[in-house]
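Please have the view open as I go.

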Amino acid sequence: MKGVLCWAVAGLQPLLSAALTIAEINGNRYISSYNGKTVSDVTGLVTAKSSAGIYIRSTTPDDDEATSESIYVFSSTIGRTVDVGDIINLGSAKVSEYRSSNTYMYLTELTNPSDITIVSSNNAVTPLVIGKDTLSPPTEQFTSLDEGDIYGVPNAQHNISAVNPVLKPAEYGLDFWESLTGELVTVKAPTALKIPSSYRDTWVIGDWKVTGKNDAGSLTMSAKDSNPETILIGAPLDSTKNPTTTKLGDALEDITGVVTNTYGFYTILPLTAIKIKTPSALTPPPTSLVSSGSCNGLTVGTYNVENLAPTSAHMPKVASQIVTYLKSPDLLFIQEVQDNTGATDDGVVSANKTLATLISAIKSAGGPTYDYVTIEPVNDEDGGQPGGNIRTAYLYNPSILSLKNPNPGSSTDANEVIVDAETGQPSLKFNPGRVDPLNAAWKATRKPLVAEWIAKDGKKPFFTVNVHMTSKGGGSSVHGDVRPPINGGVEKRTQQAEITAKFISQILQADPAARVIAAGDFNEFAFVKPLTTFAEVSGLKELDEALNTPVENRYTYSYDMNAQALDHMYISPVLASSKSKFQHIHVSSWVTDSAVVSDHDPSVALFDVCGCADSNKRVHKL
Ligand SMILES: *[C@@H]1O[C@H](CO)[C@@H](O)[C@H](O)[C@H]1NC(C)=O
Ligand SMILES: *[C@@H]1O[C@H](CO)[C@@H](O)[C@H](O)[C@H]1NC(C)=O
């Protein structure tokens, strides 16, 4: 009766009484063409069991790489009557596409299995070794619907489930993983890419070809390469628990498990908990950049200190990192300084106690006695943890540098670039001052803090812009249905980048030799639209770019499968000299979860900001 389609007696829906292979049920696209239909006479080898169902593999595979030969059978009871190694026949089952959120991809599964027959038992069950018994996972592109760039704008142009493209598992990473859903696989010689999630799920790569490997053995994303060759290891099928102590670069024992799609990601559910074979021996080195004590070797750091309040448990740790790992930079751009009462929404906005506590903790840790510069936000206007009133601030070593003609602006004063009629030199109306703070683009976001400084022995002031743009909150999964995925906040960051860049461009228009450093948590990658615009409009260059840092070693943060750079320094052309240096200090990325102090890595740079007194005088009058 193969291939014959019968009609169910009592229903309008066709009952497919012909024996379908599992490959035919899955088909060569994301969504099964049998979705919603009842199929009969499905045969497969039980390769794995969980408390909620079983995984079966076809006994009559095809030779199409795009069709998975395995499928999940969702049933809490079937596992009681069948065992791994049984070849079984399902008299009937319903094909279903399941997802738990409408931005996730669906998983094709069989539900309501009935008339279950055990054909034979104790058959060999051999997992497919990824990259050996299967193709190797593609290393750059995710799906054909991303138009070559998962960070392309506009995003959310298509849904995979609606377009339902034919899978090309040799070209697209998600097509590859989709073509293996339900399959029992082995990842040989896995390496952990970061600490586990709070659910202990762990991103790994196997022994297959990868691109973007960084100095610590994880994968860094770069333009048009966000590492689809990585895979998430989820909750073990036998209810054991994955370790919490895994960290970036740890070598793990081989992992065998089933490929599924759950909580928005292609995931391997291991048969049992993953095991650490050899922990990474890497420990983050402190910066080797040391201040010269004057303008010709000024050290400048940037660090998002993650919701720092006076009573934060991580306050002394942040202070100790600043001294030990950052070697107490002369000037430190910090982000996420909370008000004196932290995340309590009580109308308190001042952070003088937070900053004084940090300064005294740094001193106790053996650092210098810093001074600080900041401007209070308007209560509850700058986003972040409710009530925390996070803001950016500068810590500076007053024996090495000082603000030029201090004249602080208020929370709502818009700073301006003033050009001296005589000398043509730019300076600030407010020092420090915030950039266009009432502009709607900054709603619920930190406003950039601009300042002008004189360093010891300096002949000329220099300018800084401390940035903390809108976060990526509200984005969709890079493994999700929506393509290109939603890059949360991208429209706001684009406007913020333009506003900030225009301000900076006025300084450089007046004086192309001005020394300008814009740094902080941009919440965006340098190769993505808001920041490519920022560089173009401002006239600044990203420091890693200017110094040709190897692309894979540009990272300050771990998110999902990727090492990535959300934190940057941008410099004006005159600072792009061979004397400039830049280092990312991986105190967060490289350590175990329990040793993480902030979610970001800090960075330290060294610059000559001395300038020459007269060389930059504008030869004007046209
Ligand atoms: C994609 O799916 C979501 C959720 O169902 C829907 O809101 C959205 O409009 C869809 N987008 C496109 C481009 O079809
Ligand atoms: C913070 O500022 C308030 C108001 O000016 C002042 O009374 C208080 O002493 C300051 N606290 C610290 C730690 O500087």
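UniProt, in an unreviewed entry, places the feature "domain: Endonuclease/exonuclease/phosphatase" at residues 301-600; its positions are given in the numbering used here, feature names are shortened, and annotations may be inferred rather than shown by experiment. This is a predicted model, in which local features need pLDDT of at least 70 and side-chain atom pairs count only at pLDDT 80 or more, while totals for chains, interfaces and linings use all residues. Residues are numbered from 1 along each chain as its sequence is written, chains are lettered from A and ligands numbered from 1 in the order in which they are written, and side-chain values use heavy atoms, with hydrogens and water left out.

The span 301-600 is 19% helix and 25% strand, where helices (H or I, at least four residues) and strands (E, at least two) are DSSP runs numbered from the N terminus. Its end C-alpha atoms lie 13 Å apart.

Now to the cores, meaning sets of buried Ala, Val, Leu, Ile, Met, Phe, Trp, Tyr and Cys residues joined through side-chain atoms within 4.5 Å, with buried meaning under 20% relative accessible area, exposed over 50% and partly exposed in between (1.4 Å probe, protein chains only). The largest nonpolar core has 41 residues, of which Tyr30, Ile130, Ile231 and Ile268 touch the most other members. Elements supplying at least two residues each include helix 4 (173-178) and strand 16 (265-270). A second, separate core of 28 residues includes Leu298, Tyr396, Ile571 and Ala605.

Finally, Ser96 sits in strand 6 (residues 87-98) and counts as buried because its relative accessibility is 15%.
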